[in-house]
Amino acid sequence: MITDVVVRDAPPKGKGVFALRSFRKGEFIFRRRHGRVVSPRQEAQLSAEDGRHLTELDFDRSAVLLPPGCYLNHSCEPNAMRSGVKVFAWRALRKGEEITIDYRLNAFSDVRSRCRCGSRNCAGIVQWSFFALDPKRQRRYLPYAPDFIRRDYRRRARPPV
Ligand SMILES: [Zn+2]
């Protein structure tokens, strides 16, 4: 059972996930569980709600996220990180703080859209791709990124022959 976080309104983003206690840097917070796994073709058949709560598992598979993890919002300066389904504190968290992760960890889209995270380093319009992150942040995130992102990172890093 998940008892250390709660889903609350987080205007203007909709709902968000909030800490019910403080967390030390690096401490496990909760599991962001996966529901149904779909191909890009099957995504069109999902309900609007499920379609809003997808996470990329690979280049051709996404999972529908289950509550409360599906309400984790993005931040360009997140206070949490995840590795697979495990969400942990990226820095110390205060009780009552909204928990945020960086959606770009496992994303590879060409799509740019408006970001409402409000963090100081937010560019306002964000490209939803790991490979659009600045190189320093890519290196910081890489150990937590899924295998398919790590493989692509290595492929891109190889000098052209
Ligand atoms: Zn942002």
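Is A19 buried or exposed, and what is its relative accessible area? A19 is buried, with a relative accessible area of 1%, where buried means under 20%, exposed over 50% and partly exposed in between, calculated with a 1.4 Å probe on the protein chains only. The views below show a predicted model, in which local features need pLDDT of at least 70 and side-chain atom pairs count only at pLDDT 80 or more, while totals for chains, interfaces and linings use all residues. Residues are numbered from 1 along each chain as its sequence is written, and side-chain values use heavy atoms, with hydrogens and water left out.

**View 1. A19 in strand β2.** A19 is found in strand β2; helices (H or I, at least four residues) and strands (E, at least two) are DSSP runs, numbered from the N terminus. Apart from residues up to four places away in sequence, A19 touches D4, R94, K95, G96, E97 and I99, a contact being a pair of heavy atoms within 4.5 Å. Although A19 and E97 are 78 residues apart along the chain, their C-alpha atoms are separated by 5.6 Å.

View 2. The largest pocket has a volume of about 1000 Å³. A pocket is found on a 1 Å grid over the protein atoms alone, as an open set of points where a 1.4 Å probe fits, with protein on both sides within 12 Å along at least five of seven lines, and lining residues have an atom within 4 Å of a point. Grid points are joined across faces, edges and corners, and the volume is the space filled by probe spheres set on the points. The lining is made up of 40 residues, of which G51, R52, H53, L54 and Y103 lie nearest the centre of the pocket. At least two lining residues come from each of α1 (40-43), α2 (48-52), β5 (54-58), β6 (61-65), β7 (73-74) and β11 (108-114). By class, the lining has 15 nonpolar, eleven polar and 14 charged residues; here Ala, Val, Leu, Ile, Met, Phe, Trp, Tyr, Cys and Pro count as nonpolar, Asp, Glu, Lys and Arg as charged, and the others, Gly among them, as polar.

**View 3. Y103 in the loop between β10 and β11.** Y103 has its place in the loop between β10 (98-101) and β11, and it is partly exposed, with a relative accessible area of 34%. Leaving aside neighbours within four places in sequence, Y103 is in contact with L72, N73, H74 and W128. The side chain of Y103 reaches the backbone oxygen of L72 at 2.5 Å, which can be compared with the limit for a polar contact, a pair of N or O atoms within 3.5 Å, of which, within protein, one must be able to donate a hydrogen and the other to accept it, and residues adjacent in sequence count only if both atoms are side-chain atoms.

**View 4. S129 in strand β12.** S129 lies in strand β12 (residues 125-129) and is buried, with a relative accessible area of 5%. A polar atom of the side chain of S129 lies 3.1 Å from the backbone nitrogen of F131. When neighbours within four places in sequence are left aside, S129 is in contact with R104, A107, F108 and S109.

**View 5. The buried residues of helix α4.** In helix α4 (residues 147-157), F148, I149, D152 and Y153 are buried. They cover an arc of only 140° around the axis, so they lie on the same side of α4; the arc is that of the directions from the helix axis to the C-beta atoms. These buried residues of α4 pack against β5, β11 and α3 (135-141). Q138, which has its place in helix α3, is buried, with a relative accessible area of 10%, and its contacts, leaving aside neighbours within four places in sequence, are F130, F131, A132, L133 and Y153.

**View 6. Two cis peptide bonds.** Most peptide bonds are trans. The peptide bond from P11 to P12, however, is cis, with omega near 5°, and P12 has its place in the loop between β1 (5-9) and β2 (15-19). A cis peptide bond also joins P67 and P68, with omega about 0°, and P68 is found in the loop between β6 and β7.
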